[in-house]
Amino acid sequence: MSERTPMIEMCNVSKHFGSVIALSDISMKVCSGEVMCLLGDNGAGKSTLIKTLSGVHSPSHGEMYLDGKPVNFKSPAYALDAGIATVFQDLAMIPLMSITRNFFMGREPTVGWGPLKRIDWKYADRIAKQEMAKIGIDVRDPSQPVGTLSGGERQCVAIARAVYFGAKVLILDEPTSALGVKQASVVLRYIAKARADGLAVIFITHNVHHAFPVADAFTLLSRGGSLGTFRKAEITREEVLNMMAGGAELESLDAELSEFQRSDQQQKQATGDGGQPLSRASNA
Ligand SMILES: Nc1ncnc2c1ncn2[C@@H]1O[C@H](COP(=O)(O)OP(=O)(O)OP(=O)(O)O)[C@@H](O)[C@H]1O
Ligand SMILES: [Mg+2]
């Protein structure tokens, strides 16, 4: 790791829920301008880790530092004010509310004062449209409900919001899991942009094709413990795949499927079918 002061750091953090040890003695750090990919099986503690960083849970033991200063957030609002923006999976947006409302989410600009103070919707709409345009998403009408945007665009509103409000740390819990290739690439491009803008990014994903191109380092969690942090240069795509949730299962599934394919082929040859591709029929 570099010698710079990390933007966000966890030192020996544990989190217990009664007798459940969700996190045990975790140490990790992310510098500004870096993407750390958090990997691990289901139930490994990834969401608990980021919830602890973002003020949803307070750690049972250990310390956390933001830009070298110790922090202990009482609630997510404190973490957000300090510059830690988290895009929680599924909870990133309120679908029936407008793009502008979702973008500002309680921090709407106001005009007037005293009893005449009111939200400046015209300005708010303009900013929302402008910030979305910066990431290449053309929003015709920012007062339209967020539910009318595609999944990828919705995630981008959440990320644009974090960047606009000056976040130093951006945490993303599986932002690309429900997205197709094109939509995911929109989000990944924006993660790369957030890194270029100097944010420290923590990115949770189960998809090696999403993790590998944008990550600078990988931290692997297993049953609440850390198995270490690996720089990208130290590790191959296959090793990352194996570290991901279900990596080992995928490999054995692969082997099983090719076994199926082999026996299928043998059967077809035995019946004289020759195993022609199905698409031939439609080419006639
Ligand atoms: N509020 C809670 N109360 C009790 N146990 C919890 C709580 N939150 C998480 N846990 C437990 O902590 C462990 C880690 O859960 P966590 O949600 O962090 O896993 P994860 O790595 O995010 O998994 P996934 O990939 O499925 O999202 C699990 O065993 C879970 O049951
Ligand atoms: Mg989770």
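This is a predicted model: local features need pLDDT of at least 70, side-chain atom pairs count only at pLDDT 80 or more; totals for chains, interfaces and linings use all residues.
## Overall fold

The protein has 284 residues, and 38% of them count as buried. Its secondary structure comprises 10 helices and 12 strands. The C-alpha trace spans about 85 × 50 × 35 Å along its principal axes.

## Helices α5 and α6

Helix α5 covers residues 151-164, and helix α6 covers residues 181-196. Their axes lie 8 Å apart and meet at an angle of about 15 degrees. Angles under 35 degrees count as roughly parallel, and α5 and α6 are therefore roughly parallel to each other. Their crossing is left-handed.

From α5, the contact uses Gly151, Gly152, Gln155, Cys156, Ile159 and Val163. From α6, it uses Gln183, Ala184, Val186, Val187, Tyr190 and Ala194. By class, this contact holds 8 nonpolar and 4 polar residues. It has no charged residues.

## Around ligand 1

Ligand 1 is surrounded by 12 residues. The closest are Phe17, Ala22, Asn42, Ser47 and Thr48. Two elements give two or more residues to this shell: β2 (20-30) and α1 (46-53). The most come from α1, which gives 3 residues.

Key: Residues are numbered from 1 along each chain as its sequence is written. Chains are lettered from A and ligands numbered from 1 in the order in which they are written. Axes are lines fitted to C-alpha atoms, for helices over the stretch in contact, and angles run from 0 to 180 degrees between N-to-C directions. Helices (H or I, at least four residues) and strands (E, at least two) are DSSP runs, numbered from the N terminus. Angles under 35 degrees count as roughly parallel, over 145 as roughly antiparallel, 65 to 115 as roughly perpendicular and the rest as oblique. A crossing is left-handed if the near helix is turned anticlockwise from the far one by less than a right angle, and right-handed if clockwise. Two residues are in contact if their C-beta atoms, placed from the backbone, lie within 7 Å. Ala, Val, Leu, Ile, Met, Phe, Trp, Tyr, Cys and Pro count as nonpolar, Asp, Glu, Lys and Arg as charged, and the others, Gly among them, as polar. A residue is near a molecule or strand if its C-beta atom, placed from the backbone, lies within 6 Å of it. A residue is buried if 20 or more other C-beta atoms lie within 10 Å of its own, exposed if 12 or fewer, and partly exposed in between; C-beta atoms are placed from the backbone.
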